[in-house]
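Then read on, and we will walk through it together.

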Amino acid sequence: MIKVEWLYWLIGLVFVVMAVQMAADRSNPKRWTSAAFWGLLGLTFPYGTGVANATAGNGGWTLPAEPLGVAVLALIVLAGFNFLGKGVPVTTTGEQREAAAGRLGNKIFVPALTIPLVAIVCASVLDESGLFESGKATLLGLGLGCIAALVVGMLVTGEKKISVPIHSGRSMLEAMGSALLLPQLLAVLGSIFAAAGVGDQVGDIMNKVLPDDSKYFAVVAYCVGMFLFTVIMGNAFAAFPVMTAAIGWPVLIQQMHGNEPAVLAIGMLAGFAGTLCTPMAANFNIVPATLLELKDQYGPIKAQLPTGIALLGCCTVIMALFAF
């Protein structure tokens, strides 16, 4: 049986390998601290397995949680004090890239399409096969899809050295910097807010403000709340536990008997509409502007804003008409 921990260990190994590359890259003025950040992050993956085993009482090796907390604080210091740098990427010339684009054509999209295809097959066909850890087929399918996409990409481009995609991945990693971790951090923030009772407090406020038994006002409050909380927090996964605990579950589902999958899925989509409209979602909106060297770093947000507002309106109408 393929366990999800194996995927996490592989991710950690990739970070460690790239950290070694960074340490050897003399063109990076902050190569040692950059290598320390990504190497330390990579080591937290296998170490976290030991911490999880100790917390849950599982079998296997157990490790204390305190060193992992120290590692997280070290990562914060390295990123917060701008100790991350980037080297000069070794890449092809513009003429070579144009020639490769003309040669490959639309085949360049095949590796990207491989990822969701493999993930769907694993989640829908192989979920009950016993091949994957129970309940983890989708996540493992995503990981296997990435591995398959790497192989397919090398076949499509005719690349024979595994070092080439690893170096390219490192260059992308250095360009994105610590913003790569923002979705995970914001998702954890949402869990902390939920555990602290923020959702309950928001729910109390909404109960005092919303008219009694007004389905449409409650739908608007939930969808707009998901949108605004996502704009503030930068991630719909962070907003979801707060707004769902406040309005989605107690009001729309329990009181008004809304269809659970419909209410929650549409509510999450309303949050994704907010992702299009906020600089807090740096990995979606600010990092692409940096990678593409756009003159206006808020260009993606300005272009996406009309779509985000329209999507919010559609989510609100669809939930009100079809989720009950």
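Predicted model: local features only at pLDDT ≥ 70, side-chain atom pairs only at ≥ 80, totals over all residues.

Residues are numbered from 1 along each chain as its sequence is written, and side-chain values use heavy atoms, with hydrogens and water left out.

Let us start with the overall picture. The chain has 15 helices and zero strands; helices (H or I, at least four residues) and strands (E, at least two) are DSSP runs, numbered from the N terminus. Along its principal axes, the C-alpha trace spans about 65 × 50 × 45 Å. Of the 324 residues, 36% count as buried, a word that stands for under 20% relative accessible area with a 1.4 Å probe, protein chains only. A contact means heavy atoms within 4.5 Å. Among contacts between residues at least 6 apart in sequence, 69% join residues at least 24 apart.

Now look inside. A nonpolar core is a set of buried Ala, Val, Leu, Ile, Met, Phe, Trp, Tyr and Cys residues joined through side-chain atoms within 4.5 Å. The largest one has 30 residues, and Tyr222, Ile247, Leu252, Val263 and Met319 touch the most other members. Two or more residues each come from helices H9 (198-209), H10 (215-233), H11 (236-255), H12 (260-275) and H15 (299-322). Which helix gives the most to this core? That is H11, with eight residues. To see one member up close, find Val263: leaving aside residues up to four places away in sequence, Val263 touches Tyr222, Gly248, Leu252, Ile253, Gly258, Met319 and Ala323. Apart from this core lies another, of 14 residues, including Ala35, Leu78, Leu84 and Leu173.

Finally, turn to the cysteines. How many disulfides does the structure hold? There are zero, where a disulfide is a pair of cysteine sulfur atoms within 2.5 Å. For Cys223, the nearest cysteine sulfur is that of Cys315, 6.2 Å away, and Cys223 is in no disulfide. Cys223 has 0% relative accessibility and so counts as buried. The sulfur of Cys277 has its closest cysteine sulfur in Cys315 too, and because the distance is 12 Å, they are too far apart for a bond. Cys277 also counts as buried, at 12% relative accessibility.

Note on methods. Buried < 20%, exposed > 50% of the residue type's maximum accessible area, 1.4 Å probe, protein only.
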